[in-house]
Amino acid sequence: MSAAREHFGSRIGFILAAAGSAVGIGNLVAFPVAATKSGGGAFLLVYALFVFLICLPVMMAELALGRKTDKDPVGAYRQLSGGSKLWRIPGWLALFTPFMIAVFYMVVTVWVLGYLVEIFKGNLTSLTTEAYFGAFINSKTVFFYLIALMLIINGVLSMGVKDGIERAAKTLMPLLFVMLLVLVLFVLTRENAMLGVQYYLIPDFSKLSGEVVSKAMAQAFFSLSLGMGIMITYGSYMKKRDSIPGSAKAVALTDTMVAITAGLLILPSIFHFNPQIDTASLSDSSAGMIFLFLPKIFLSLQDSIGYTGASVFAAAFFFLVFVAALTSLVSIIEVPIATLRDERGMSRKTAIYTVAAVQFVLAVGCAMSFGMADWLTQFVSLAGSDKSFFDLVEIVFYDTILPLNGLLVCIFVIYKWKRANFDQELHEGDSGFAGSFSQKYVNFALGTFIPAILLLIFINTV
Ligand code: PHE
């Protein structure tokens, strides 16, 4: 028998850890970029609707699966399906998806770390040339940073759920909130900042299209760390006396607030840099934004606060992104670790080494797929164009499998595990939820239109 399962020490500890997972590069960069390009306030509105009407019930379902079973995703599906062979598949998907997403997310985080160090060294100017990024991601230093990053993540994980994950979140998340606010307040005092705020918050409904709506949905789903087994795993570390609906709401709200606030940092900065900017010309990709565009914007602050001031600002921003990515990575890597412990009876330490060894190899493969190794750079040909190993992981796991996993969670919880059992788990620690409007909504939505929407997104990307 393994030792009793470790739990988060407090409700706020759980909320911060789950918010640490949810708040990531998606909030700080992908969301502001998507909002800018897709109708500002109109996108915000659609996004918020998706978060609270669609994603929040899915989060409750994932948390309930974990807490009911006290298990990793594979174990949770196995136990609640009575060992059904078919229902083993979503369990395995909820293991491989986070495993692979972690790999590609790790590579981007490595670049963030590298840029942060360069800014500290006083090299902000060199980061603003396009050639620099290409040279940096193809240099051997990325492997050095990869090792450093893995040491940090696994260092946190090795201390366990309460002393590692929870403590890191309790320290880093408040720091992140405060730093984000300070940066926003500073940026808002810059010239033309209000143009950015206007652009960001005034809705332009003409930009809303089917594609934009589906982008908002995918973004909301990813941002809340759904479909990756994370909330199932974190649910298994929740105490019975804590409210699942209440905690899930707090996590969703925190995540959304951070995303919206990040827009108040990025947009005013862009408009301060160039008040006439054509927002359609901005890159769609977060990586393009972080590594090619933002350094230029930050450097331009030197006109008013000097080179050192601009460097401090840039370093603070990259540090923020790094912290957000770190707490997300911790959560996602905990999933395979939990599986190896629960399903294979491994100790935490052995599980950490095993996962780290395989992930290191795959991450090196991803990092080498930008030119260092030709066969990884042109790994497959999809829809007539060459895709790298990195692209493939992103397309398969992020774009496609994520909504599929969400769909499977809904169907499993309502039709296999059954509504009444799900309800009972939600009532545990939250007696007020029984019979409430929220409960009726969650029950109805999870069994009907939420899986339908996720199915549409899945078909669309396939
Ligand atoms: N919620 C994260 C984000 O917005 C997504 C994520 C979670 C990515 C966990 C990796 C690991 O960036």
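1. Y199 touches G40, L267 and F271, leaving aside residues up to four places away in sequence; contact here means C-beta atoms, placed from the backbone, within 7 Å. Y199 lies in helix α10 (residues 193-201), helices being DSSP runs of H or I of at least four residues, numbered from the N terminus. Y199 counts as buried because it has 20 C-beta neighbours inside 10 Å; the cut-off for buried is 20 or more other C-beta atoms within 10 Å of the residue's own.

2. This is a predicted model, in which local features need pLDDT of at least 70, side-chain atom pairs count only at pLDDT 80 or more, and totals for chains, interfaces and linings use all residues. Residues are numbered from 1 along each chain as its sequence is written.

3. Helix α13 (residues 244-273) has 30 residues. Of these, 22 are buried, so α13 is largely enclosed by the rest of the structure.

4. The axes of α3 (residues 41-69) and α19 (residues 437-447), lines fitted to C-alpha atoms over the stretch in contact, come within 10 Å and cross at roughly 90 degrees. The two helices are therefore roughly perpendicular, a term covering 65 to 115 degrees between N-to-C directions. P57, M60 and A61 in α3 meet V442, A445 and L446 in α19.

5. The largest nonpolar core has 163 residues, and those touching the most other members are C55, M59, M60, A61, V321, L329 and V413. Such a core is a set of buried Ala, Val, Leu, Ile, Met, Phe, Trp, Tyr and Cys residues joined through C-beta atoms within 7 Å.

Notes: Axes are lines fitted to C-alpha atoms, for helices over the stretch in contact, and angles run from 0 to 180 degrees between N-to-C directions. Angles under 35 degrees count as roughly parallel, over 145 as roughly antiparallel, 65 to 115 as roughly perpendicular and the rest as oblique. Two residues are in contact if their C-beta atoms, placed from the backbone, lie within 7 Å. The expected span of a helix is 1.5 Å times one less than its number of residues. A residue is buried if 20 or more other C-beta atoms lie within 10 Å of its own, exposed if 12 or fewer, and partly exposed in between; C-beta atoms are placed from the backbone.
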